[in-house]
Amino acid sequence: MAEPVSGWIWSQNLLPFLQLLSHYVGHAFDGADWQTVAAGIEDTDDERPDGWYAYPLAGTRAEVEVSLARAAGSDVLMVTVTGLPNRELRLRTDTLISAFASV
């Protein structure tokens with residue numbers, strides 16, 4: 001199994017991050033997805049093992065799981081994506097995380 005891709009992004013970048021990742025895996029990310037994720041991350045805490053929220057993105061090209069948790073006292077979301085089937089998708093995901101941590 002492929003290694004997960006992890007990092008952090010600014011909280012305000014979560015929607016575009018998920019939209020682009022969904023595009024890469026072939027998942028039609030919509031308003032219902034967004035409402036579910038937005039509600040799911042409300043009480044997350046990256047310092048608690050049970051404080052993470054996981055959301056599946058089942059697409060035509062891949063099925064991945066995005067785990068998210070707020071970093072205590074900051075505007076940062078910790079992100080881990082698992083199930084990435086190939087090097088190209090892992091690289092794209094890593095690039096997304098890097099980009100959304102810097103803007």
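Buried means under 20% relative accessible area, exposed over 50% and partly exposed in between, with a 1.4 Å probe and protein chains only. The model is predicted: local features need pLDDT of at least 70, side-chain atom pairs count only at pLDDT 80 or more, and totals for chains, interfaces and linings use all residues. Residues are numbered from 1 along each chain as its sequence is written, and side-chain values use heavy atoms, with hydrogens and water left out.

**View 1. Helix 3 has a buried side and an exposed side.** Helices (H or I, at least four residues) and strands (E, at least two) are DSSP runs, numbered from the N terminus. Leu89, Thr93, Leu96, Ile97, Phe100 and Ala101 of helix 3 are buried. They sit on the same side of helix 3, because they cover an arc of only 125 degrees around the axis. That arc is taken from the directions from the helix axis to the C-beta atoms. Arg87, Glu88, Leu91 and Ser102 are exposed on the other side. The cover over the buried residues includes strand 1, helix 1 (14-25) and strand 4; contact means heavy atoms within 4.5 Å.

**View 2. Asparagine 86 caps the N-terminal end of helix 3.** A side-chain oxygen of asparagine 86 lies 3.3 Å from the backbone nitrogen of glutamate 88. A polar contact is a pair of N or O atoms within 3.5 Å; within protein, one must be able to donate a hydrogen and the other to accept it, and residues adjacent in sequence count only if both atoms are side-chain atoms.

View 3. Two strands pair if DSSP finds at least two bridges between them. Strand 2 and strand 3 (residues 63-70) pair over six bridges. Tyrosine 53 stands opposite leucine 68 in strand 3.

**View 4. Glycine 7 lies in strand 1.** Glycine 7 is buried, at a relative accessible area of 18%. Beyond its neighbours within four places in sequence, glycine 7 contacts Leu77, Met78, Val79 and Ile97. The C-alpha atoms of glycine 7 and isoleucine 97 are 6.3 Å apart, although 90 residues separate them along the chain.
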